Amino acid sequence: MTKRAKQAGLLGVLAILFLLLVLRAKPAGPSGESPAASPAASPAAPSSATADLETGRSFGRGPQVKTVSPDAVPDIDVSAFSRRPEGSSDVTRDLFKFKEPPPPPPPKPRPAYIPPGDPRFVGALPPPPPPPPPQPPAIAFQFTGTFGSVKTPVAAIVAGDRLLLVRQGDVVDGKFIIRKVGYESLDVGFVGFPEKEVRRIPISPAK
């Protein structure tokens, strides 16, 4: 082999190594494929995304929002917000203005009391009042004096034209009970009445 042939073979090997280095230094695509394979796969991706948007059945994503042109939005009549509906009262309400509440109505006057028996009285009549308690009879004799011992004094009483001598506990005319005989007074009770029902009569000269 000549010297010129050896140089040509060495240059060929160097050229092959340089091409390998250049190919390895170039970046690969997103899926790790070579740049030559990327353009071939790209036309299929837009067709799949377009189909999902048209059918609205994209898995893992919500419905796509449709873009509306400004010319398609209808005009809003602002004056419609200030119109008052028919039949509504002419009352304005300000949410930021405090309004004092109306005063309470005055209390109704109480009706006058109408006692039972009045022609205007309406309702059931009350039960009749209980009868008054019985009163003891009036004492029909006079106490004229006392005599006898201190332990068992005797009282002299005059009932009409009768003179009677009585002691403590005696009953006169079936109505009166001598409760106590004193020197200047006489305590008289009544038959059929409580023991505390007592009248005291003073001494008086006989007529």
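**Conventions.** I number residues from 1 along each chain as its sequence is written, and I keep to side-chain values from heavy atoms, with hydrogens and water left out. Since the model is predicted, local features need pLDDT of at least 70 and side-chain atom pairs count only at pLDDT 80 or more, while totals for chains, interfaces and linings use all residues.

I took helices (H or I, at least four residues) and strands (E, at least two) as DSSP runs, numbered from the N terminus. I looked up strand 2 (residues 153–159) and strand 3 (residues 162–166), and found them paired in the antiparallel sense over five bridges; pairing here requires that DSSP finds at least two bridges between two strands. For Ile157 I noted Leu164 in strand 3 as the bridge partner. The two strands form a hairpin with two residues between them, and Gly160 in the turn has a positive phi of about 70 degrees.

I placed Arg179 in strand 5 (residues 176–181) and recorded a relative accessible area of 24%, which counts as partly exposed because buried means under 20%, exposed over 50%, and partly exposed in between (1.4 Å probe, protein chains only). Leaving aside neighbours within four places in sequence, I listed the contacts (heavy atoms within 4.5 Å) of Arg179, among them Gln168, Asp187, Phe190 and Glu195. I also checked Arg167, twelve residues away along the chain, and its C-alpha atom is separated from that of Arg179 by 8.7 Å.

**Entry 4, salt bridges.** I searched the whole structure and found four salt bridges, each defined as a side-chain nitrogen of Lys or Arg within 4 Å of a carboxyl oxygen of Asp or Glu. I looked at Asp173 with Arg162, where the closest N and O atoms are 3.1 Å apart. This pair links distant parts of the chain, with Asp173 in the loop between strand 4 (171–172) and strand 5, and Arg162 in strand 3, eleven residues apart. Asp173 is partly exposed at 43% relative accessibility, and Arg162 is partly exposed at 38%. For Glu197 and Arg199 the closest N and O atoms are 3.0 Å apart, with Glu197 at 23% relative accessibility and Arg199 at 34%.

I noted a nonpolar surface patch of about 700 Å², with Leu10, Val13, Ile16 and Leu20 among the residues that make it. Patches are made of residues with over 30% relative accessible area and no salt bridge, with like charges joined within 9 Å and nonpolar side chains (Val, Leu, Ile, Met, Phe, Trp, Tyr) within 5 Å. Val13 sits in helix 1 (residues 3–25) and is partly exposed at 47% relative accessibility.

Note on methods: Areas by Shrake-Rupley, 256 points an atom, 1.4 Å probe, with all protein chains shown as cover.
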